[in-house]
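Keep the viewer open as you read.

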Amino acid sequence: MATTTTAPAVKKKKSKRTVTKGILCVKATYNNTIVTVTDENGNVLSAASAGSCGFRGARKNTAYAAQVAAEKALSAASQTFGLRSVVAKVNGVGQGRDASLRATMGAGVDIVSITDTTSIRFGGCRPR
């Protein structure tokens, strides 16, 4: 029996991806605050919520919980991908709207613009 040996597959070195500009999406509801950091195409770099940071119950909708969630998401994105500036998109009516933006500035990430994407309620058609 003749055995044939094949050369082992050569692993390609994975290049480190750098993203300097991104989008910060903040969804502040009455019960929780979700912070997502994406690149300019919308691919998620990191995400955090007040619930994932250890806050439970009524403490999830506080401004401090939103601040901790924003710091966690932004520090992960800036350390891993080298994030420097973001475009902020804020959605919702909760207490974490302003606190997450203040935490963004405190984390050393520049905010280029702030957009409020909260939908406006519409009462429907006029009744008869």
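Two strands pair if DSSP finds at least two bridges between them. Helices (H or I, at least four residues) and strands (E, at least two) are DSSP runs, numbered from the N terminus. This is a predicted model: local features need pLDDT of at least 70, side-chain atom pairs count only at pLDDT 80 or more, and totals for chains, interfaces and linings use all residues. Residues are numbered from 1 along each chain as its sequence is written, and side-chain values use heavy atoms, leaving out hydrogens and water.

Start with S4 (residues 85–92). Six bridges join S4 to S5 (residues 110–116), in the parallel sense. Ala88 has Ile114 in S5 as its bridge partner. S4 also pairs with S1 (residues 21–28), again parallel, over eight bridges. Here Gly22 stands opposite Val86 of S4.

Now follow the chain out of S4. S4, H2 (residues 96–106) and S5 form a right-handed β-α-β unit. Right-handed means that, with the strands pointing away from the viewer, the path from the first strand over the helix to the second runs clockwise.

Next comes the interior. A nonpolar core is a set of buried Ala, Val, Leu, Ile, Met, Phe, Trp, Tyr and Cys residues joined through side-chain atoms within 4.5 Å; buried means under 20% relative accessible area (1.4 Å probe, protein chains only). The largest such core has 20 residues, and Val37 is among those with the most contacts inside it. H1 (63–81) gives the largest share of this core, six residues. Leaving aside neighbours within four places in sequence, Val37 is in contact (heavy atoms within 4.5 Å) with residues including Leu24, Leu74 and Leu83.

How values were computed:
Buried means under 20% relative accessible area, exposed over 50%, partly exposed in between (1.4 Å probe, protein chains only).
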